[in-house]
Amino acid sequence: MALSINAWAKFRSFREKYGDPDLIVRAPGRANIIGEHVDYCGGKVMPFAIQQSMYFFFSKVNAGNEYIYLDCDADSEHSDGSGLLKKLEAVLLKHQIELGNFRVAITSDIPIGGGLSSSSALCCGFIYGLNELFQKDLDKTDIIRYASAAEYGVGVKGGLMDQHAVVFSKANKALYLDCNDHSFGYLDLDPELFQFELWDTGIRHKLMESKYNNRRETLELAMEELSMHKGRKLDYNEVKPEDLSVLKDPVYRLRIRHVISERKRVTEAKRAIETKDIKVLAQQLNASHESLRDNYEVSWKEADWLQAKLIEHGFSLGSRMVGGGFGGHLICLKNKNAAYDEQELLCAYKRQFGIEATKREVRASSGIGLIRSAELL
Ligand code: GLA
């Protein structure tokens with residue numbers, strides 16, 4: 001894995017001022033084929049790392065720690081100023097992981113707040129680099145745990161899908177992660193058949209924490225009510241659509257309906273990937289979007305419009321919003337035979353919403369790692 005063109009340009013100007021860093025880390029963003037908003041309730045998910053990544057240039061220094069943001073201040077953007085990396089340092093300290101002094105410079109190709117897990121890339125890349133720099137012997141599971149603790153520290157009570165995708169992904173494969181016990185395997189993604197694109201709606205989900213946390217809390221309350229009714233603690237697997245009528249609050253019914261239907265779609269989608277049935281996979285993606293829109297209510301109007309148009313014009317076979325919601329990207333299963341003019345669609349989007357949409361090519365890429373200096377030449 002080499003530096004991207006953008007990171008290479010940043011690296012060159014960084015090197016002019018500071019010289020060669022001791023090490024360079026690449027931490028990728030992630031997409032998710034299916035299994036949205038089920039990782040924090042024991043479901044299965046199917047993310048993959050994307051080539052768009054965050055890059056960290058680390059060096060040991062004699063005194064003080066120095067953070068250099070080569071494009072935007074990724075740290076403040078993620079924590080609304082309070083400092084995600086500061087939280088992370090506190091987490092490491094709490095676990096008695098002593099570090100020397102360091103300088104880290106960060107540049108990102110992952111749009112911040114675009115649903116592609118820039119915050120997990122930031123946290124995982126940071127700990128991964130410190131672990132290497134100071135030879136701390138943390139394993140990948142520790143990295144995931146500490147990254148997640150820091151994200152909780154700034155108020156996002158997320159699941160562990162993103163950190164696993166950043167850390168464990170492999171090229172041309174989707175990670176098949178069981179969030180019940182965090183065991184995982186890989187699904188081969190035939191790159192000829194399954195080509196994915198990300199369409200950026202241009203909307204960012206700054207400060208989504210409260211809405212995200214609200215979905216999670218509502219779900220837990222709904223499950224409690226269902227369990228109380230049955231007289232024992234229920235698992236999501238056991239809940240059938242016909243059980244939902246006992247829930248008094250219609251919103252609770254919607255939220256549970258999303259989770260139980262999404263779990264089923266993940267199973268169908270896995271089978272479709274294994275049997276190379278692109279049509280069935282596409283149907284599952286579309287159904288997932290509808291459920292995220294109507295049941296879980298985490299999609300946004302620009303995403304709904306674009307998702308419908310992509311399908312209507314045969315641009316994509318299946319498409320859905322990706323990540324936590326309230327802004328960001330759609331993941332699309334590309335229709336290689338699409339005849340529609342992409343520019344026309346982008347112009348129509350601009351006319352409709354007054355902002356630009358952008359298409360990003362993606363491929364399932366490897367997870368976090370070091371970039372050897374030879375790869376820069
Ligand atoms: C965010 C969270 C993940 C997951 C997704 C929705 O990305 O960090 O843990 O819940 O939203 O699937």
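Me: Why does phenylalanine 168 count as buried?
Reply: Its relative accessibility is 17%, and buried means under 20% relative accessible area, exposed over 50% and partly exposed in between, with a 1.4 Å probe and protein chains only. So 17% falls under the limit, and phenylalanine 168 is buried. One thing to keep in mind: this is a predicted model, where local features need pLDDT of at least 70, side-chain atom pairs count only at pLDDT 80 or more, and totals for chains, interfaces and linings use all residues. Residues are numbered from 1 along each chain as its sequence is written, and side-chain values use heavy atoms, leaving out hydrogens and water.

Me: And why does phenylalanine 184 count as partly exposed?
Reply: Its value is 32% relative accessibility, so it is partly exposed.

Me: What makes the pair of phenylalanine 168 and phenylalanine 184 tilted?
Reply: Rings of Phe, Tyr and Trp (its six-membered ring) pair if their centres lie within 6.5 Å; planes under 30 degrees apart count as stacked, over 60 as edge-to-face and the rest as tilted. Here the centres are 4.6 Å apart and the planes meet at 40°, so the pair is tilted.

Me: What makes the pair of phenylalanine 56 and phenylalanine 58 stacked?
Reply: Their centres are 6.1 Å apart, with 10° between the planes, and that angle is under 30 degrees.

Me: How do you know that the charged end of lysine 170 sits over the ring of tyrosine 186?
Reply: The rule asks for NZ of Lys or CZ of Arg within 6 Å of the ring centre and within 35 degrees of the ring normal. For lysine 170 the distance to the centre is 4.5 Å, and the charged end does sit over the ring.
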